[in-house]
Amino acid sequence: MSDGILEVRKKSIMVKNLGCSGKGIDCDKASVSGSVSQRACVYCGARVVLNPITDAFHIVHGPIGCASYTWDIRGSLSSGSEIYRNSFSTDLREEDIIFGGAKKLAAAIDEIATKYSPKLIFVYATCIVGVIGDDVEAVCKNAEEKYKIRVIPVKAAGFSGTKRQGYKLACNAMMQLIRPHKLSEKALHNGVNILGDFNLAGEMWLIKNYFKKIGIEVVSTITGDASYETLIKAPSAALNIVQCAGSSMYLAKMMEEEFDIPFMKVSFFGIEDTSASIMRVAHMLGDASVVEKAEAFTQRESSRLRKFMEKYRPNLEGKRAAIYVGGGFKAISLIRQFNEMGIKTVVVGTQTGKKDEYEVIQSIVNDDTVILDDANPAELEFFIKQKKADILVGGVKERPLAYKLGVAFCDHNHERKHALGGYEGVENFTKEINLSINSPVWEYMTAI
Ligand code: SF4
């Protein structure tokens, strides 16, 4: 480690073959004071999970800045309603902070309920509401009784924890929505729910199509391209598959406990993980014919893509990648994808990774790879330079950093415009990495 890194942060940074101070990497904790974390706030964590529900109304109870910060936060695509593209706010001002904002919230719900006849409203209580103590739950309960619709409070004061706490609150809100639709003990459970995919660039549609091809029904998608009517069917599924474990594992565990629906972690990033995930679901839910179809499908796609990737290998072999993403499971899939391309992962970090995920990461990277939890821009800059990364894979907050350093960048988060998941995503990802990493522009940057 070197200058510019806070002493207290060193427990959350490790080089595989050197380890770090402490037993394993320090993770899954509040950010260190003074370290400008790349994480978002609790409210943002809750909103990213719930926002893709396409026919839900999202009221942000707080100052307008909170609503603006998360407006249209994901590029999640819809096959139906576009209501979720709007952001509604109570726009709290000084007077509301002094005298309370509950009346303003009730008026906002009244306005939406009378103008739009919604089925589902989420109310997000932000930092200042946590401070002044508006009884958001009571306002939502009154509105539910008055309009006979669902009005679900999400008490997500930004200061009340980490972004992961926001995911948990979103999972609780989902349970509040679907709990009343629990099936009777004797009812038949069929098909899968897909949890933790947000249909950022149509990936949910790709995955649904794979299951259709092999004969497995998708009951509910949580929350990419979801609607009120599809979500309330979720308790009837026989299996939950969890793509983004960081945001949705808590919901999967609650559904197992309350509805007796088992879950499995899956990943639809990269050839290896996509094929393995489809096969595991087929074995768990399907009969011999489903397994046979899944085998034929995954083998056909894998061999097609391996040939495709061979063409790109000479361009990519020996390049060096840095990864900084939200969750550990995605980082693991990306490392595997880079291995398939012949690219070495030299730096890898996550915002909310867990201990077991960091153990897997450690087992699949090279001895000198730097692993970071909850990094800040200064640390990322230091290690990207030190390890001479050719490309950074991250999200919107990491993009300017890469460009300032004269390093190629690939957005693997909210703002991507083409699918990077599923088999189609392997093609898109490989092409994008090749184009970015081998662009002649970087030679000019070096010359400057
Ligand atoms: S930290 Fe608080 S004030 Fe800032 S966006 Fe989050 S909820 Fe709003």
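How far apart do the C-alpha centres of domain 1 and domain 3 lie? They lie 33 Å apart, in a protein divided into domain 1 (42-179), domain 2 (192-294) and domain 3 (317-416), with bounds that come from an automatic or database domain assignment. This is a predicted model, in which local features need pLDDT of at least 70 and side-chain atom pairs count only at pLDDT 80 or more, while totals for chains, interfaces and linings use all residues. Residues are numbered from 1 along each chain as its sequence is written.

**Contact between domain 1 and domain 3**

- Six residues from domain 1 and five residues from domain 3 make up the contact, where two residues are in contact if their C-beta atoms, placed from the backbone, lie within 7 Å.
- The side of domain 1 that touches domain 3 consists of one nonpolar, two polar and three charged residues; here Ala, Val, Leu, Ile, Met, Phe, Trp, Tyr, Cys and Pro count as nonpolar, Asp, Glu, Lys and Arg as charged, and the others, Gly among them, as polar.

**Surroundings of the ligand**

- Around the ligand stand Cys41, Tyr43, Cys44, Gly62, Cys66, Tyr69, Thr126, Cys127 and Gly158, a residue being near a molecule if its C-beta atom, placed from the backbone, lies within 6 Å of it.
- This shell holds six nonpolar, three polar and no charged residues, and helix H1 (42-50) and helix H2 (64-69) each supply at least two of its residues; helices (H or I, at least four residues) and strands (E, at least two) are DSSP runs, numbered from the N terminus.

**Helix H8**

- Helix H8 (residues 203-214) has 12 residues and should span 16 Å at 1.5 Å a residue, which agrees with the 17 Å between its end C-alpha atoms; the expected span is 1.5 Å times one less than the number of residues.
- The buried residues of H8 are Glu203, Met204, Ile207, Lys208, Tyr210, Phe211 and Ile214, and because they cover an arc of only 155° around the axis, they are on the same side of H8. The arc is that of the directions from the helix axis to the C-beta atoms.
- A residue is buried if 20 or more other C-beta atoms lie within 10 Å of its own, exposed if 12 or fewer, and partly exposed in between, with C-beta atoms placed from the backbone.
- The buried residues of H8 pack against strand S6 (192-197), strand S7 (218-223), helix H11 (271-285), helix H12 (288-316) and helix H17 (422-437), whereas the face turned away from the buried side carries the exposed residues Asn209 and Lys212.
- Just after H8, Gly215 takes a positive phi of about 90°.

**Backbone features**

- Most residues other than glycine have a negative phi, and most peptide bonds are trans.
- Asp28, which is not a glycine, has a positive phi of about 60°; Asp28 lies in the loop between S1 and H1 and counts as partly exposed, with 17 C-beta neighbours inside 10 Å.
- Asp225, also other than glycine, has a positive phi near 50°; Asp225 lies in the loop between S7 and helix H9 (228-231) and counts as buried, with 24 C-beta neighbours inside 10 Å.
- Ile222 and Thr223 are joined by a cis peptide bond with omega of about 10°, and Thr223 is found in strand S7.

**An exposed loop residue**

- Asn17, in the loop between strand S1 (13-15) and H1, is exposed, with 9 other C-beta atoms within 10 Å.
- Leaving aside neighbours within four places in sequence, Asn17 is in contact with Asp367 and Asp368.
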